Each structure stands twice: as C-alpha cells, then as structure tokens.
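User: Hi! Could you walk me through some helix packing here?

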Amino acid sequence: MLNPVTNAVNADELIKSALREDITSEDVSTNAIFGERTEGRVELICKADGVICGLPVFERTFKILDETTAFTYRVKEGDEVKKGELLAEIRGDMRVLLSGERTALNYLQRMSGIATYTRSVVRLLEGGKTRLLDTRKTTPNMRIFEKYAVKIGGGCNHRYNLSDGVLLKDNHIGAAGGIKRAVELAKSYSPFVRKIEVEVENLEMCRQALDAGADIIMLDNMSVADMKKAVELIGGRALTECSGNVTKENIKNILETGVDFVSSGALTHSAPILDLSLKNMRPV
C-alpha cells in the first residue's frame with residue numbers, strides 16, 4: 001500500500017510546500033494573540049458520516065511545525081465515522097494548532113472524502129470478481145495521498161505514474177502507426193517482466209490487441225453490449241479492464257460484462273470532501 005508517511009516519495013516535502021503556501025512569512029492573526037508558547041487543546045469533530053483517512057498526514061502536518069504536538073485518537077485509519085463523533089484530541093502550542101489547522105484539515109477532509117466514496121463503490125462490487133481501480137486523474141502534488149485514500153477505501157491502485165507500467169492509449173497507437181506496431185515496440189523496449197496494456201475503443205481494435213499479444217486490454221468508453229462481446233472474444237487470453245465515465249451510478253451495468261477490473265477517475269477527481277472540523281480550542 002502507498003503510505004504517505006513512509007513511502008519513498010518524500011511526503012514531508014509536499015506537506016511543507018502546502019504549509020508554505022498558507023504561511024508565506026507568518027500567521028498574523030495568531031501572532032497578534034500569542035506572543036509566546038501557550039499550551040492548549042482542540043478536538044477533531046466529524047460533521048458527516050464517512051470513512052476517516054489521512055490521520056498520519058494530519059498528524060505529520062502539526063509535527064512538522066512542532067514535534068511535541070500530542071494526539072489522542074478515538075478512531076483508527078479506515079474506520080467508519082458518524083456525524084457529531086469526537087475523533088481525536090490534539091494538545092500543544094496553540095500557535096501551532098491554529099497555524100496548522102487549515103492545511104491539516106485540507107489533507108484529512110480530501111483523503112477521507114476519497115476513501116468514503118471509494119468504499120461506497122466497492123460495496124457495489126461485492127460478490128463478484130471485478131476489482132475497482134483508480135487512475136492518474138489526481139490533483140497535482142496530491143497523488144500519493146489520493147491513491148493511498150483509495151486503498152483505505154477498499155479499492156486498488158492502477159499504475160502510480162508513467163514510470164510504473166506500459167499503457168498504450170489512443171495517441172500512442174496513432175503515433176506508432178497502429179496497435180500491432182505499438183505493442184511490438186513496447187515489447188522490444190520493456191523488460192519481459194512488464195505487462196503491456198492496450199486501450200481499445202471497439203471490437204476490431206480488441207481483436208488487434210489480442211492478436212498482438214497484449215497482456216491487458218482496456219475497454220474504453222464501449223457500450224455494455226460491446227464490452228460483453230469483447231470479454232467473450234478475449235476468453236481469458238488477456239486480463240480485461242473497463243474504463244471511461246465510470247461512476248457508482250452506472251457501475252452495476254458494467255458488472256454484467258464480466259470484466260476483471262473497472263477503473264474510475266471519479267474516485268479521485270469527483271469525490272466530495274468529508275466534512276471535519278477542529279473545535280473547542282482552549283488553554284490547558
């Protein structure tokens with residue numbers, strides 16, 4: 001699983017960049033009130049039902065500002081939470097609690113929203129073989145956090161970035177002069193351990209990808225009827241993935257096709273945030 005705290009990608013630098021965006025020189029409002037360290041506490045409150053995700057990032061945001069900030073959690077990563085529920089208490093320098101509040105909540109709300117939406121879609125797939133994938137349609141500089149949230153919600157990660165796998169899309173195919181040539185070039189360039197995935201838009205392209213030896217065939221924006229025919233045509237000789245405007249409103253129809261995977265950009269680009277708040281701040 002992509003872990004936004006321990007992964008090789010330096011999450012600290014991303015968090016620091018977000019903090020610098022919000023605090024270019026100083027937090028004028030907070031510094032006007034507190035001239036020196038003042039110990040305080042604040043509560044993390046859930047304002048809507050959902051799945052909590054991003055607690056390590058939430059915590060790390062404050063600890064970058066002050067390592068002594070302390071956290072007492074009443075829930076753990078991936079738990080389902082309810083409106084009005086007390087999720088955690090944070091103690092530390094009130095200047096840090098106030099200055100880090102918005103950045104920390106932005107991460108936590110965004111990641112929890114993705115995990116919540118993903119889990120709602122995963123539940124629609126229960127009982128079948130089809131697995132849910134995310135895409136690269138992520139917010140710039142947020143990919144490691146958003147793909148992690150998909151995993152916490154019960155989904156699976158597609159390739160992390162362009163260095164992570166071979167996926168020949170329509171423009172690759174057009175530039176190469178056709179599916180057969182694109183697959184030949186990909187196989188000659190890539191190590192034999194890498195799978196080759198080819199995006200197709202109709203049954204003829206599906207036949208060409210199969211004949212060319214594609215390992216995975218992505219059925220892109222095809223009708224349910226054509227996807228059924230494509231799965232029958234492939235007959236297990238390659239893995240199948242359905243993609244293109246997949247949402248939880250239409251995913252049940254896609255399940256009837258028998259595809260192995262269904263990928264949805266909506267998991268990361270259209271999930272609403274989970275409403276969370278830091279409340280009841282006071283000195284201790």
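This is a predicted model: local features need pLDDT of at least 70, side-chain atom pairs count only at pLDDT 80 or more; totals for chains, interfaces and linings use all residues.

Analyst: Happy to! Residues are numbered from 1 along each chain as its sequence is written, and side-chain values use heavy atoms, leaving out hydrogens and water.

User: At what angle do α4 and α5 pack?

Analyst: Helix α4 (residues 94-124) and helix α5 (residues 143-152) pack at about 40 degrees, with their axes 7 Å apart. That makes α4 oblique to α5; angles under 35 degrees count as roughly parallel, over 145 as roughly antiparallel, 65 to 115 as roughly perpendicular and the rest as oblique.

User: Which residues of α5 make the contact?

Analyst: Among them are Phe145, Tyr148 and Ile152, while α4 brings residues including Tyr107 and Met111. Contact means heavy atoms within 4.5 Å.

User: And how do α3 and α4 pack?

Analyst: Helix α3 (residues 55-65) and α4 pack at an angle of about 160 degrees, with axes 8 Å apart. The two are therefore roughly antiparallel.

User: New topic: which residues of α9 are buried?

Analyst: In α9 (residues 224-234), Met227, Ala230, Val231 and Ile234 are buried, that is, under 20% relative accessible area (1.4 Å probe, protein chains only). They cover an arc of only 100 degrees around the axis, which puts them on the same side of α9.

User: What do they pack against?

Analyst: The buried residues of α9 pack against α8 (203-212), β9 (216-220), β10 (239-243) and α10 (251-255).

How values were computed. Buried means under 20% relative accessible area, exposed over 50%, partly exposed in between (1.4 Å probe, protein chains only). Helices (H or I, at least four residues) and strands (E, at least two) are DSSP runs, numbered from the N terminus. The arc is that of the directions from the helix axis to the C-beta atoms. Axes are lines fitted to C-alpha atoms, for helices over the stretch in contact, and angles run from 0 to 180 degrees between N-to-C directions.
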